[in-house]
Amino acid sequence: MTIKMPESIEAYFIADRDGGPDELAAVFAENAIVKDAGETLIGHEAIRQWKVDYTQKYGPTTTDPFFIATENGKTQVTAHVAGDFPGSPIDLRYFFVIAGDKIAELEITV
């Protein structure tokens with residue numbers, strides 16, 4: 001199923017799937033916050049390293065967003081994710097806060 005996402009969120013999924021660390025970091029605001037797997041990352045350099053680390057740890061992954069909703073200033077996207085990690089495949093929830101045309105915050109949960 002194809003869903004319509006805001007440009008910055010669509011850019012995130014494209015960069016995550018097809019881009020490197022610089023392309024992924026570029027979709028975020030300079031001091032963006034990412035929360036994933038118990039870690040909180042702040043800023044472009046931390047986000048770049050996060051992309052490097054999870055790509056090395058889990059290998060290439062495929063992400064297929066299938067649900068979107070907005071509530072209280074956050075946009076939730078649920079996506080089917082498959083890769084080289086325990087429990088794969090799994091559906092993850094991505095909670096985005098957008099500022100202008102960039103992502104200001106992202107939290108990824110099960």
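Trainee: How much space lies in the largest pocket?
Mentor: About 620 Å³. This is a predicted model: local features need pLDDT of at least 70, side-chain atom pairs count only at pLDDT 80 or more, and totals for chains, interfaces and linings use all residues. Residues are numbered from 1 along each chain as its sequence is written, and side-chain values use heavy atoms, with hydrogens and water left out.

Trainee: What counts as a pocket?
Mentor: On a 1 Å grid over the protein atoms alone, a pocket is an open set of points where a 1.4 Å probe fits, with protein on both sides within 12 Å along at least five of seven lines. Lining residues have an atom within 4 Å of a point. The volume is the space filled by probe spheres set on the points, which are joined across faces, edges and corners.

Trainee: Which residues lie nearest the centre of the largest pocket?
Mentor: Asp 36, Ala 37, Tyr 54, Tyr 58 and Leu 92, out of 24 lining residues. The lining has 15 nonpolar, 4 polar and 5 charged residues. Nonpolar is Ala, Val, Leu, Ile, Met, Phe, Trp, Tyr, Cys and Pro; charged is Asp, Glu, Lys and Arg; the others, Gly among them, are polar.

Trainee: Which helix gives the most to that lining?
Mentor: Helix 3 (44-58), with 7 residues. Helices are DSSP runs of H or I, at least four residues; strands are runs of E, at least two; both are numbered from the N terminus.

Trainee: Which residues of helix 3 are buried?
Mentor: His 44, Ile 47, Trp 50, Lys 51 and Tyr 54. Buried means under 20% relative accessible area, exposed over 50%, with a 1.4 Å probe and protein chains only. Seen down the axis, those buried residues fall within an arc of 115 degrees, so they line one face of helix 3. The arc uses directions from the helix axis to the C-beta atoms. On the other side, Glu 45, Gln 56 and Lys 57 are exposed.

Trainee: What follows helix 3?
Mentor: Gly 59, with a positive phi near 70 degrees.

Trainee: New topic. What volume does the second largest pocket have?
Mentor: About 150 Å³. It is lined by 11 residues, with Met 5, Glu 10, Phe 13, Arg 17 and Pro 65 nearest its centre. Helix 1 gives the most to this lining, with 4 residues.

Trainee: Which residues are exposed on helix 1, on the face turned away from its buried side?
Mentor: Glu 7 and Asp 18. Phe 13 is among the buried residues of helix 1.
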